[in-house]
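Take a look at the sequence and the structure below. We will walk through them step by step.

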Amino acid sequence: MSVLARIRQPSTLIGLFCVLGLSAIAIENLHFADSMLGTTYHRSQTIWIVIGLIGLGVTSRLDMQFVRRVSPSVYGVLVVLLVAVLFFGREINYSKRWLELGPANIQPSEFMKISIALMLADWFDTKRSKEPWKLRQLVIPVFLMGAPVALINREPDLGTSVCVAAIAIGQLLYDGVQRRTLVLAFCISLVAIGLAWKFDIIRDYQKGRAETWWHAMQDDDKTPDTGQGGANRDNWQAEKALWAVGSGRVAGRSDDEARVSVLRHVPFVHTDFALACFAERWGLIGCIFLFGLYLGLVWWALYLADHAQERFDALLAVGVAGLVFWQFFVNAGMVIGLLPVVGVTLPLLSYGGSSALTVLLGAGFLLNIATRRKGR
Amino acid sequence: MTVLGPSHDAQRFHARNRLAMAAVFVAVLVLIARLVIVQGVMGANYEKIATIERVGKIRSQAPRGQIKGSDGTILARNLESHSLELLPAKVKPDRIATIVAHLRELLDMTDAEVESLRAELLKDADPRKRQPLVVRRDLVSTHCPYDSSQLELTSEVEYRFCPVCGRNFEPVPAKKACPFDQRKLQPISTGDGLRCSSCEREFSTAEQCPYDHHALHHGHHNLKCPLCQRTFNDEVAVLRANLHLLPEARLQSEIQREYPFRFLASHLLGYVGYVTDADRAPLLPWLPSRYALTDRVGKTGLERAFDQALRGIDGEQVVVRRSGNEESAKGMDDLIAGLEPRPTVPGLTMRLTLDLELQRAAKVAMKDVFSGSAVVIDARTGEVLALYSKPSFDPNTMSGKRAPHGKTSTDTAAYAPLLDKAVHAFPPASTFKIVAAIAALEENIVNATTTFHCPGYYDFGGRRFHCHSKRGHGDVNLREAIRSSCDVYFYHLGELLGLDRLEAWARKLGYGEPTGIEIHEALGRLPTREWYAQHVKGGYYPGFALSTAVGQKDVTATPLQVARVYSALGRDGILPNITLVQGFEGPDGKMLPRLPRPEGRDLPVKSSTLRFIRNALLAVVNDEGGTAYSSQPTNVMMAGKTGTAQAAQRPRAEMVERLKADPLALGRLTTWMQNDHAWFVGYAPAEDPEITVAVFVEHGGSGGHNAAPIAVKIVESWFARHPHTKPSEALTAKGRKKAANAQEELDETPITDPESTPTVPHEEDPANRPAGEPREGPDEPGDEVLP
């Protein structure tokens, strides 16, 4: 079966449709936010998405053996870059996440998401055994995951580090772990989180967000806090975003209405709260469509994982599925007031070159898998 | 590479894949469910508030209560004041020239103002961080900036404005007389123009400024002040109509305290000012501050004393900021739940006892003195009818209001305009002699017939204490001593009484204690032996008792205290409680019930003694030889006492420094300070006092010549409006004679109990013997010369 014929398969078409649809929506959504606030983010995002689509094409044609060979090197380089970020990084909003490379700011932590997926898929496949993984055997993958997670958390960027961890854990669970190990790991992580909270490894503002969210969940039906009386700033951000989302109602509002609404005052409307912008303009119907696109993308990845002929491919597809799903779920949950405020971007929709590139490269790997597998 | 075959592994993968799929679907469903709640169910709610930028409470400031005189004339009120501000954040550099040109066109701005504005706009600071730039405060709109009268519309009047010196020139009136006071206008020496010497208004129809010969701008005024006849332009209306030319500017308005009578009653009214950290400090550490950061609070006088009653209670309004506008939150009940508005309670209007006419009379009567004060109280009730301190100040300027164009205060700081000299303590001089007289009579040290010889001086403790009459008064009894203010007689009394008894009696009579007036007052000082031991090098020396007996040296009292004591003397020994406040008006304009006020107290003095003193005080004014004989009111009979406190001083070093550039003013100040303080305190009508007047002229000369005439003018003004029941009798010679007869009758009545004989104090109380006490040294301070 030729490559084109494989692309013509329904699952691949659905997946590609989702990727391209999200890319288009992302540019349109940013264009609106720019027109509202007088910024020009959509231009550079368009360039990034074009680069990303080229990257998608390239990765879809790469030889997987080659990818597997270079993935440890890529991983190593990214870890070095993550260390470099801590020293030479550009600080935006009190966080050092970016490396200035000529005209572009590179965020190595974003690329780490796809790199960890490749790295672990490779490791699990190479060291595979018939039995599920035992705790003892997991020292190396946990270290492979832990190093970037710790480094990213140092930036500080809790959201991305959690994402990297979630991708890795998803792959691990997919590959199979002994039940005993699972329970033990669960207990260890609970203790670890407790200790991290206690010894301030989790920062105060992060605790504050979690607490705010907890309290907001407790009395959700109360009147929206109106930013008065020294209300928590994070809560205020989330509150504004929620107003914007809610005011979209079922069918959305016209651009002119949206422009003069609370949306102007939603923070990070280009990045973390891009969904608020979309939701106000397109309403419930638009949101369901958008969520459908994300669901389609994740479904495609899981479908490929299920139908993959090789263990590596399956695990990589699961990694990409995790990459898209976790970011989507955490970000959307945050914007619609279901989860605490965490700095996680919405794949493609949030402005950010590294993030978009990562997602599109991931999609490229999915396409790679889809076009290589034997048809059924 | 491992291939997934149809193995055990593959089955497991398949199961996990289904699990993952299911989890993802469920998660997305959860998200959508939440979206349905947020957008579908609650959507309408959120849509309503989505245009809202802020919901919150804003303070609405309670209007400060007015202060009214006894006749209801408003002494302090609130006026809206407008100012024009530029927002530097909005000013683009290429617009500066246009902005300045527009402002120059719309407002009469001098070249200097224009330049400083331009410089301010060109300043290199970060415009976002800059405060709004006030172009002009107190824009003329509805009220005259000079006298606060309501302005009236008039046909357009041309005027000329000099952009260099900032003077306004009105068109020359037909009769060349000032339109306000009808005085003849004087030509301006340096150019073509006329000037009113009294109100300083200038008139010209020339094209050049008479002062600096720069070309004048022409303009038109369309508002006229009905009182001072000046014309104005409605600057607020002009700016409002042209604000579209200046998107960078905004008109701000605020409520400002305004005192229409300006200098008339400034000291007792006080003024308001922005709250300071000290004001904001809460009463108790754990309480919140009563004031907001931008509040204005009473700083002095009644404004301070009754700040809480005048300021009212600030309310809170719930507002919604929507698309840049503040809106009331009506009909948004669910949104503003928990935000309760609070009604604004306006401040209470205060009605004073002050008689404005009398206050004005006091001001006019004191027009020729540099510095001093006049107090008039109702002798029966203790209500203050007038309380004037000179020089005065304009509480409007003190409250942050701009002084009207080109008009500066005539007051100079040299005479302490901010000091309320009516409640500031000065040596009471001979007005204090009644203390020694009453004490001596009450203690049976002397009686009406006791005489001492006055050779013009009194030798005591190796010192010679002089009488103000160098030749001496000869043999004088107590009545004559009071009438002629013979110092030697009171030196005797001082020696016989001693400092302790003098101090005790002064306290009994009401010196050194609060008068009850609501504003801040000094208590004066009644020196004791302890005080001398602490404060005077060398400690106490018996001669101090002699100085104290004549009210000199370290004893001080406020004019108000003195007036209060004399009221008690005039009215059978009832020492009134002084008050300035009649009461408060409720919101409906009706007087609220008065708070109970402490009753006046009875002086522990025998009525025979009081009668004797009253007689003597009558003689001071009405007997030939009385120190105030030359000052008799024409419409009422007055009794009183003069005082002349020796108070020659040199100007303080900082004042000399300040006036270095102006030797003339310094010379005037130095000469002025060589003079004695002049006092007069009296009550009228003498037989049944209604009012008590105390006049204090700082460095004014002698009490009889410089203070008493002022008191006479004030008393005459009062009785011109409140005719005394028997004015004719008091006026005619017959009436005078009759009064004198009545006096003599009084004189003959025994004033002391027949069985008690005058005793010399050091016979029964050795501790009081002044002469026996050791003296520290020959350089002991003492009053060697007394007026």
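A residue is called buried if 20 or more other C-beta atoms lie within 10 Å of its own. Keep that in mind for strand S19 of chain B, residues 384–390: seven of its seven residues are buried. One caution before going on: this is a predicted model.

Now find the partner of this strand. S19(B) pairs with strand S18 (residues 372–378) of chain B. The pairing is antiparallel and runs over six bridges. Within it, B:Ile377 stands opposite B:Val384.

Step back to view the whole sheet. It is open and has five strands, in the order S19-S18-S29-S28-S27 of chain B, with antiparallel pairing. S19 and strand S27 (639–645) are the edge strands, and each pairs on one side only. On average, neighbouring strands are turned by 5 degrees against each other, direction ignored.

Which strands does helix H17 of chain B touch? H17 (residues 559–570) packs on the sheet and touches S18, S27, S28 and S29 of chain B. The direction of H17 makes about 145 degrees with that of S29(B). Helix H21 (residues 703–721) of chain B packs on the sheet too, touching S18, S27, S28 and S29. Its direction makes about 35 degrees with that of S28(B).

Next, the nonpolar cores. The largest has 138 residues. B:Ala374, B:Val376, B:Val693, B:Ile714 and B:Val715 touch the most other members. Helix H14 (residues 487–509) of chain B gives the most to this core, with 12 residues. Apart from it lies another core, of 124 residues, including A:Trp282 and A:Leu348.

Turn to chain A. It has 14 helices and three strands. Of its 376 residues, 51% count as buried. Among contacts with a separation of 6 or more in chain A, 71% join residues 24 or more positions apart.

The axes of H4 (residues 64–88) and H5 (residues 108–126) come within 9 Å and cross at roughly 145 degrees. The crossing is left-handed. Among the residues that meet are A:Leu78 and A:Leu81 in H4(A), and A:Phe111 and A:Leu118 in H5(A). The residues of this contact divide into 13 nonpolar, three polar and two charged.

Terms used
Residues are numbered from 1 along each chain as its sequence is written. Chains are lettered from A and ligands numbered from 1 in the order in which they are written. This is a predicted model: local features need pLDDT of at least 70, side-chain atom pairs count only at pLDDT 80 or more; totals for chains, interfaces and linings use all residues. A nonpolar core is a set of buried Ala, Val, Leu, Ile, Met, Phe, Trp, Tyr and Cys residues joined through C-beta atoms within 7 Å. A residue is buried if 20 or more other C-beta atoms lie within 10 Å of its own, exposed if 12 or fewer, and partly exposed in between; C-beta atoms are placed from the backbone. Helices (H or I, at least four residues) and strands (E, at least two) are DSSP runs, numbered from the N terminus. Axes are lines fitted to C-alpha atoms, for helices over the stretch in contact, and angles run from 0 to 180 degrees between N-to-C directions. A crossing is left-handed if the near helix is turned anticlockwise from the far one by less than a right angle, and right-handed if clockwise. Two residues are in contact if their C-beta atoms, placed from the backbone, lie within 7 Å. Ala, Val, Leu, Ile, Met, Phe, Trp, Tyr, Cys and Pro count as nonpolar, Asp, Glu, Lys and Arg as charged, and the others, Gly among them, as polar. Two strands pair if DSSP finds at least two bridges between them.
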